[in-house]
Amino acid sequence: MKGWMGKILRVDLTTGEIKDELIDPQVAKDYIGGRGIGIYYLNKEMDPACDPFSPENLMVMMTGPLTGTAAPTGARYMVMTKSPLTGAITCSNSGGMMPRDMKRAGYDGIIFKGKSEKPVFLFVDNGKAVLKDAEHLWGKTVPETTDLLLAQTDPKARVACIGPAGENKVLFAGIMNEKHRAAGRSGVGAVMGSKNLKAVVILGKGKIPLADPEGFKLFNQKILHQYTSEAKKTPVGLTINGTAGVVAVTQAKGILPTKNWQQGEFDGWEDIQGTTLTEKYLVKNQGCFGCPIKCGRITKVTEPGFEGEGEGPEYETVYAMGSNCMIDNLAAITKANYLCNELGLDTITMGATVACAMELVDRGYLSEDEVGRSLKWGEGDALVELTRQTAYREGFGDKLADGSYRLAEGCGHPELAMVSKKQEFPGYEPRGAKAMGLAYATSPIGGSHMRGDPAYFEIFGTTFAMDPLATEGKAGPTKRIQDLSAIVDAAGLCIFFGARMLAEKDTTMSPTGMLEYLNRATGADYSIEELVNAAERIINAERMFIVNAGFDRKDDSLPKRLTDEPLPSGPAKGEVCDLETMLDDYYKVQGWDNNGVPSNKTLEKLGLLPPGK
């Protein structure tokens, strides 16, 4: 096999057995890699109805065939398991250097099953793997754990670990690699903690074989030349101000979620936007392996009470902890972001859950005595304190640790949790960008834009432009951007560059550039049709996982605030998100029945129909 390493590492945490296993080449081609091969193994080897914290729940770390290659942004891997936050599938994505080194160590991925009796970490050293005691690491923060493990193993190794949040099974705990890169969403860190697995340490120095090295190099040079030429003409926003630059865009369009999604505009937006972050706190840009964009921000804050340094915050963090909480103190937002990285928390759910708590207090459904402190809109010090409490499940943090849905439900008002499938939304208001609402509702992992982001055509016009306020005609493009995301996630690229691999001015969003990269890397000789079929296979395999876990149309939902309450101001004033109309159309284009279950015809076409059906 080329592009792929052709091998996975299996780790049984219950017995301590570790073994190599070859990947079936046909499975690799059919599912591409990353997110695709991950869902293949989860469907094959575990019961989707199992308890997420049971030993039966598998946890898969999987790269793609372009991970670790010279393809721009070829630095991604997926963590897949059953989520304790949602009860659905997860596919939590991270970058940095560690995914490259997993490939260089000789593996496309690692599959963990069972549960260790005591804390352990896995050390993978160029094809040799061993479980080691980690009791001395339990309770340590992400930076402490990383530094101790590098000293214990090899300074050139890469570390992916959990912090106290994962150990304490916070339902939105993440897995951090290289201290600042996060597989952040859906509680993958909590699953890792439930297995008593503190860290994965990887040292990899091998080469990744390519089917057509010279052809790959020439195509890559062409793509990079196009990118740099464009960048010279129009400075790349993500490079200059990072993703936080999006604040100005969503504010201008009236879709910056504010005050727990009661509004789409924030008066304090200029104090938290990307240019402000750059001017006040930026130390330098940071990029993952092979990234020409370098959207990461190394920052430092010196304001008393909020001192710290690290990476971020990103746009989603700025929205969730900023406008959503009515906080215009960028120092407080950045400090809370640092704490999330150090303690291992998803910044989106953390911020959104605090915003939900603020509204519960504001409406009198939750008392400040129960919170243990003042919790009013705009209180940055409350955000910082509650972030720390959440990771340790201390005081009111124990309730925040279960996410906004369970918090609001416990107060008798679940409608105030801005979630789909119990997972909090990223920062694009679907009353003013209708396809975003459809994508949130149908995402297999719950509220997310990373499993298919219509912002590319509704807000940014990167692929093609569509009226964000229109409802009609959104199902097809939403499906196609989800297909593209499945290919990008499976290949091992970042969506920021993956979205550039489309046929120019093609509303079908044909992934022609991805086809070129994958064929030169793997020699699999994909056609466009086969590549799109692979994307549909991944999405339908994920859909069958959540169907078998008990999900159906009722779970492809949005809060009534978004479907029934018009936006009060801004360019989208008076708009709601008509989800049900779009959902009917979406199920048709997906080949699913009216309850959201893939038809036998669709499953048969994709080779997913179980024997005897």
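Q: How do the residues of the lining of the largest cavity divide into nonpolar, polar and charged?
A: The lining of the largest cavity has five nonpolar, two polar and four charged residues. Here Ala, Val, Leu, Ile, Met, Phe, Trp, Tyr, Cys and Pro count as nonpolar, Asp, Glu, Lys and Arg as charged, and the others, Gly among them, as polar. Please note that this is a predicted model, in which local features need pLDDT of at least 70 and side-chain atom pairs count only at pLDDT 80 or more, while totals for chains, interfaces and linings use all residues. Residues are numbered from 1 along each chain as its sequence is written, and side-chain values use heavy atoms, with hydrogens and water left out.

Q: What counts as a cavity or a pocket here?
A: On a 1 Å grid over the protein atoms alone, a cavity is a set of points where a 1.4 Å probe fits but cannot get out. A pocket is an open set with protein on both sides within 12 Å along at least five of seven lines, and lining residues have an atom within 4 Å of a point. Grid points are joined across faces, edges and corners, and a volume is the space filled by probe spheres set on the points.

Q: Which residues line the largest cavity, and how much space lies in it?
A: About 90 Å³ of space lies in the largest cavity. Its lining consists of Arg35, Thr442, Pro444, Arg451, Gln482, Ile539, Glu542, Arg543, Ile546, Tyr586 and Trp592. Helix α23, residues 528-548, gives the most to this lining, with four residues. Helices (H or I, at least four residues) and strands (E, at least two) are DSSP runs, numbered from the N terminus.

Q: How many cavities of 30 Å³ or more does the structure hold?
A: The structure holds two of them. The second largest cavity has a volume of about 40 Å³ and is lined by His449, Met450, Asp453, Ser485, Val488, Asp489 and Ile495. Helix α20 (475-491) gives the most to that lining, with three residues. By class, the second largest cavity is lined by three nonpolar, two polar and two charged residues.

Q: And the second largest pocket, what is its volume?
A: The volume of the second largest pocket is about 420 Å³. It is lined by 21 residues, of which Tyr405, Val419, Lys421, Lys422 and Ser557 are the closest to its centre. The elements giving two or more residues to the lining are α17 (403-410), β16 (419-420) and α24 (560-564). The lining of this pocket comprises nine nonpolar, five polar and seven charged residues.

Q: Changing topic to the six-strand sheet: what is its order?
A: The order is β2-β1-β6-β3-β4-β5, in an open sheet with mixed pairing. Strands β2 (18-22) and β5 (92-94) each have a single partner strand, so one side of each is left without a neighbour in the sheet. The twist averages 20 degrees from one strand to the next. Two strands pair if DSSP finds at least two bridges between them. Axes are lines fitted to C-alpha atoms, for helices over the stretch in contact, and angles run from 0 to 180 degrees between N-to-C directions.

Q: Do β1 and β6 run parallel or antiparallel?
A: They run parallel, and five bridges join β1 (7-12) to β6 (109-113). Valine 11 stands opposite phenylalanine 112 in β6.

Q: Which residue forms a salt bridge with aspartate 20?
A: Lysine 7 does, with the closest N and O atoms 3.5 Å apart. The pair links aspartate 20 in β2 with lysine 7 in β1, 13 residues apart. A salt bridge is a side-chain nitrogen of Lys or Arg within 4 Å of a carboxyl oxygen of Asp or Glu, and by this rule the count comes to 38.

Q: What about the three-strand sheet, what is its order?
A: It is an open sheet in the order β13-β14-β15, with antiparallel pairing. The edge strands are β13 (282-286) and β15 (308-311), each pairing on one side only. Four bridges join β14 (296-301) to β15, and threonine 299 stands opposite glycine 310 in β15.

Q: Where is the cis peptide bond?
A: A cis peptide bond joins glycine 312 and proline 313, with omega about 10 degrees. Proline 313 is in the loop between β15 and α11 (315-321).
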